[in-house]
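Colleague: I have a model open and would like to learn how to read it. Could we go through it one feature at a time?

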Amino acid sequence: MKLQIFLKCICLNVFILSNIYAQQTLTIGTIDTQPNEKLITFEPFAKYLEEKLKYQNIKVHVEVPKDINTAVILIKHKKLDIYIDSVYPTLLIQNQTNIDIESKRWKNGNIGYKSVIFVNKNSGIRTLSDLEGKRIAFEDEFSTSAYFVPKKAIENAGLSVSNEGAKSVRYSFARSEENAAVWLLYGKVDASVTDDITYEGFDKKLFRVIYKSNLIPRHLVSFSNTVDKKLKKTVLAILYDMHKNTKGQEILKRFSKTKKFSPLTNNDIDLIKGYK
Amino acid sequence: MFVSLKLKIFIVITTFFTVVLTINMFYDLNRTNNQFTQYLQNLNESSAKLLSANVKGALYNLNYTSTKNTIDTFDNEFFKNIYVLNENGYIFAQRNLNEISFESYENFDKLSQQLVELPFVYFQKLVFSNKTIGYLVIENDSKIVEEINREKEAEVFQIFIVLIIVTLGISFLISVIITKPIHKMIKILKNTDKNSSLNFEHSNDEFGYLSKTIEKNHNTVQELNKKLEEKVRDEVEKNTQKDQMLQSQGLRASMGEMMDAIAHQWVQPLNMIGLHSQDLAFKAELEGVNEKDVENSCSEIQNQIEHLTQTLDEFRSFFRLNKKPESVLFKKHIENTLALLKNDLISNKINVLVDCSQEEVVNIIPNEFKHVMINLITNAKDAFVENNVEYRSISIEIFDVEMYDKDKRVIVNIKDNAGGIASDIIENIFEANVTTKEEGKGTGIGLYMTKLIIEKIGGTIEVKNVEEGACFTISLKV
């Protein structure tokens with residue numbers, strides 16, 4: 001009789017535990033104004049993770065909020081566990097949530113990029129200080145390389161970036177790095193910004209670079225602090241191994257031509273701290 | 001050169017259809033080309049309209065990305081490139097280049113001033129708020145256009161070739177169908193004897209009419225032929241009778257002459273016989289006849305009789321029907337002939353000179369040729385008498401000649417000095433009933449017979465007046 005009761009208890013516990021695991025979901029995502037495109041990009045990556053985590057009975061979902069605030073809400077409500085994005089949006093979200101930046105993604109095959117401020121070749125602007133009272137074109141307000149980093153650099157040079165005040169560096173959002181360059185060419189602005197990789201595609205005989213930042217990680221992988229540490233470790237291990245197998249390479253390639261995931265270096269950590 | 005009707009019809013139909021198809025092919029190609037040009041123009045216009053609506057705002061705001069995205073969507077195979085230029089002609093964005101550039105469009109000045117219309121280039125102003133803010137340039141891919149044109153040309157050409165082959169077949173069939181009745185008629189005509197009637201199958205068309213007409217004409221011709229043949233036969237018969245009559249007349253005339261000659265020949269021997277018989281009778285009556293006198297008279301009479309017999313044999317042989325030419329020694333033959341005329345020639349004091357070698361051979365019917373010679377010499381004799389020629393001479397010469405065709409001939413010239421033949425009759429001298437003699441003396445048959453005899457053995461006879469008389473030239477086969 002006691003044995004029967006003991007066995008029933010064991011079965012009940014197994015059932016309850018299996019149900020608990022069965023319901024566990026890991027949500028990955030980023031922000032984008034056009035979520036559908038990103039969903040399509042993230043889906044194979046999510047499936048790969050799910051496949052790797054099947055023994056833990058974990059489902060992997062994709063969530064692409066349209067803006068930072070929504071992302072913050074989702075993270076706070078445990079609806080977004082792993083956030084993958086560039087430095088600036090990640091830092092914005094980190095400011096409002098308790099996400100941990102754990103890894104970096106070599107998006108488009110690059111370990112990172114540098115922010116570049118450039119002017120017309122025949123312009124009299126030679127240094128960041130010369131931008132005083134001038135107008136600069138940023139890409140948009142969430143761009144790391146084409147807004148956040150150059151803005152920091154200008155501010156570090158002792159200038160304010162504002163559309164008010166005669167000495168301030170005025171700014172416009174061109175909504176694309178190409179637009180910013182074209183605005184510069186057509187005299188709508190006095191300086192423009194982009195990343196060094198995009199700048200390589202420009203006709204350099206037209207422009208002159210007046211500032212180039214340190215190497216900035218292309219994308220960061222952040223985990224919500226609600227994610228189980230063991231699971232986080234497992235996921236990171238999966239990410240770091242992805243580029244070592246054929247299927248992983250294929251998935252990475254489809255995931256915006258990502259070369260691999262790698263741990264943050266000390267330089268990366270210092271750089272990120274500097275931007276906080 | 002014989003060119004069959006079938007071939008002519010085939011060539012005419014084929015040529016006609018080939019010309020029509022060729023014209024049609026070029027018309028079709030031209031029309032297709034125009035249609036395609038129109039299509040391209042419409043495509044350019046409609047695309048430019050759409051592009052213009054989409055890029056105007058972006059260009060105004062210098063939104064390169066939006067402009068580039070917009071023109072990138074116009075990925076038409078006919079568009080080689082699309083340019084959006086600013087108001088100064090600088091390339092703001094172009095479809096085929098992702099890099100940002102700051103270059104002016106190559107032909108902007110010409111295009112904006114409408115100086116030229118470049119092939120495969122569509123140019124349009126971009127106007128925003130009544131202000132020209134830029135230009136849109138669509139460059140068509142001439143290679144694709146040319147390739148499409150080539151494909152169309154190849155397609156049209158293939159159709160053309162197929163149609164030509166079909167045309168050849170149809171032309172052949174038509175030519176066969178048209179000429180079949182004619183070939184049938186020709187076959188029937190070829191296989192029909194001239195005396196048989198035609199048996200055409202009369203169709204109910206032009207060929208039926210033609211075959212009926214041919215049949216009718218054939219029958220008419222057959223009837224005419226029959227009549228003509230009958231007429232010819234009658235005429236030939238009449239001519240034969242006439243010739244026979246003339247020959248008969250000639251023969252009779254010759255016989256008369258012969259008879260005169262015989263009589264002449266026989267006068268002297270008969271006189272001699274009579275003289276010897278009278279002499280023997282006188283001697284028997286007056287002196288008595290001894291054996292020697294009888295023997296002498298009989299011997300003399302016998303000689304005269306032999307002479308008479310020989311003369312008779314010679315005349316008899318003249319009338320034998322020995323009609324086959326034979327090779328004879330000419331000189332001997334002439335001498336035999338002259339022997340017949342010996343007395344006549346002597347009594348008329350006619351000197352006959354024969355210039356001929358002993359071995360000269362001619363191919364003649366001896367007796368008939370004798371008649372020829374007698375006739376010619378007798379005619380000369382008559383002329384001598386009629387013209388009262390004092391010194392009378394007849395020369396007979398014979399020689400060989402080689403004609404241009406390597407045919408060897410023997411020429412015999414009989415020439416006299418009897419004054420010649422009147423020029424008004426010399427042309428017709430060998431025709432029947434033509435004579436040079438006084439009325440009532442000549443028959444007009446002698447020279448006609450002479451000509452017949454010469455021509456019968458493949459020879460010819462001609463006459464011409466010479467210095468003092470006439471010269472008859474006989475050409476004989478060897």
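Colleague: Which residue forms a salt bridge with Lys184(B), and how far apart are the closest N and O atoms?

Modeller: Side chains of opposite charge can pair when their charged atoms come close. The rule for a salt bridge is a side-chain nitrogen of Lys or Arg within 4 Å of a carboxyl oxygen of Asp or Glu. Here the partner of Lys184(B) is Glu201(B), with the closest N and O atoms 3.7 Å apart. Lys184(B) lies in helix H4 of chain B and Glu201(B) in the loop between H4 and helix H5 (206–286), so the pair ties together parts that are 17 residues apart in sequence. Helices (H or I, at least four residues) and strands (E, at least two) are DSSP runs, numbered from the N terminus.

This is a predicted model, in which local features need pLDDT of at least 70 and side-chain atom pairs count only at pLDDT 80 or more, while totals for chains, interfaces and linings use all residues. Residues are numbered from 1 along each chain as its sequence is written, chains are lettered from A and ligands numbered from 1 in the order in which they are written, and side-chain values use heavy atoms, with hydrogens and water left out.

Colleague: Which residue meets Asp72(B) in a salt bridge?

Modeller: Lys68(B) does, at 2.9 Å from N to O. For exposure, buried means under 20% relative accessible area, exposed over 50%, and partly exposed in between (1.4 Å probe, protein chains only). Asp72(B) is partly exposed at 31%, whereas Lys68(B) is buried at 6%.

Colleague: How many salt bridges are there over all chains?

Modeller: The structure holds 20. One of them joins Lys205(A) and Asp203(A) at 2.7 Å, N to O. Lys205(A) is exposed at 55%, and Asp203(A) is buried at 17%.

Colleague: How many salt bridges are counted between chain B and chain A?

Modeller: The count is 0. Polar contacts are another matter: a polar contact is a pair of N or O atoms within 3.5 Å; within protein, one must be able to donate a hydrogen and the other to accept it, and residues adjacent in sequence count only if both atoms are side-chain atoms. Across this interface, 7 residue pairs are in polar contact, both residues at pLDDT 80 or more.

Colleague: What area do the two chains bury between them?

Modeller: Buried area is the accessible area (1.4 Å probe) that two parts lose on being put together, summed over both. Chain B and chain A bury about 1200 Å², 62% of it on carbon and sulfur atoms. Leu62(B), Ile100(B) and Phe102(B) supply 54% of what chain B buries against chain A, more than any other three residues.

Colleague: Where is Ser171(B), and is the residue buried or exposed?

Modeller: Ser171(B) is in helix H4 (residues 142–191) of chain B and is buried, with a relative accessible area of 0%. Its side chain makes a polar contact of 3.2 Å with that of Thr14(B). Contact in general means heavy atoms within 4.5 Å. Leaving aside neighbours within four places in sequence, Ser171(B) is in contact with Phe10(B), Ile13(B) and Thr14(B).
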